[in-house]
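Hi everyone, thanks for coming. Please have a look at the structure with me, and we'll go through a few spots together.

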Amino acid sequence: MKFSIITLFPNLINSYISESIIKRAIEKNSIDVEIIDLRNHTTLKHNQVDDYQLGGGKGMVLMPEPVVNAIESCKKENSLVVLTSPQGQTWNQNLARQYSLKYEHIILICGHYEGFDERILDYVDLELSIGDYVLTGGEIASIVILDSITRLLDGVIAKDSYINDSFENNLLDHPVYTKPINFRGKKAPEVLTSGHHANVEKYRQEGRLRNTFNKRPDLLEKSELNKLDLEFIEKLKKMKGDK
Ligand code: ADE
């Protein structure tokens, strides 16, 4: 999959993709990342890309010309053009999975300053937000979208690592432990060192259900639970009621 990221701050994007799993994904050709500097796409003096809001008001607004030029410099027939903005559809794991399967080329435009000229919307397929808060710019949002898609692509991380991720089937992940088995008197659950796979899996599924019940009960309504899961939830409800 290819990502083209249109930004005023190429170094910000570059530093993130030069480390860890994303760096390896690029080296293995699982993804290709093209960073497009918006300032290279203006024809105005001093590389100007923004101007005052018409009608008055504070803050600088991204002009349409450099943004549309930048889109046109990388857009292909199969490209999805995304503008990161707090006004967009909220990004989530389900969308990350769909995009990882569906698209070959995603263009991510990092919004900045007070906003962008409304006419830019005629050149984008959709706006995406990473949550109900306002960032100083869209770079972090673009990185979030790139990162969450990339880790789901074949060969980037072991399938076992994400198959039971938080939010898969609308459940949070179970608690995990590593060595030492006894840390300052707090022992890791014995079942995890028992070698009994079925019991370990039962413990983990109950851990997912307990975590979701305690931390994100809103998700439980959307998850598909079997009879054993539902019985365990009833037990958790009863224990909570007994307290
Ligand atoms: N730009 C500013 N805030 C944002 C948000 N919440 N999501 C995506 N892009 C943004």
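Let's start with serine 100, which counts as buried because its relative accessibility is 12%; buried means under 20% relative accessible area, with a 1.4 Å probe and protein chains only. Serine 100 sits in helix H4, residues 93–102, where helices are DSSP runs (H or I) of at least four residues, numbered from the N terminus. Leaving out residues up to four places away in sequence, serine 100 touches Met1, Ile149, Leu152 and Leu153, contact being heavy atoms within 4.5 Å.

A quick word on the model: it is predicted, so local features need pLDDT of at least 70 and side-chain atom pairs count only at pLDDT 80 or more, while totals for chains, interfaces and linings use all residues. Residues are numbered from 1 along each chain as its sequence is written, and side-chain values use heavy atoms, without hydrogens and water.

Now find helix H5, residues 139–150. How many of its 12 residues are buried? The count is 9, so H5 is largely enclosed by the rest of the structure. Among these buried residues are Ile145, Leu146 and Ile149.

Last stop: helix H7 (residues 197–215) and helix H9 (residues 227–242), whose axes come within 10 Å and cross at roughly 45°. These axes are lines fitted to C-alpha atoms over the stretch in contact, with angles from 0 to 180 degrees between N-to-C directions. H7 supplies Gln205, Glu206, Leu209, Arg210 and Phe213 to the contact, and H9 supplies residues including Phe232, Ile233 and Leu236.

How values were computed:
Helices (H or I, at least four residues) and strands (E, at least two) are DSSP runs, numbered from the N terminus. Buried means under 20% relative accessible area, exposed over 50%, partly exposed in between (1.4 Å probe, protein chains only). The expected span of a helix is 1.5 Å times one less than its number of residues.
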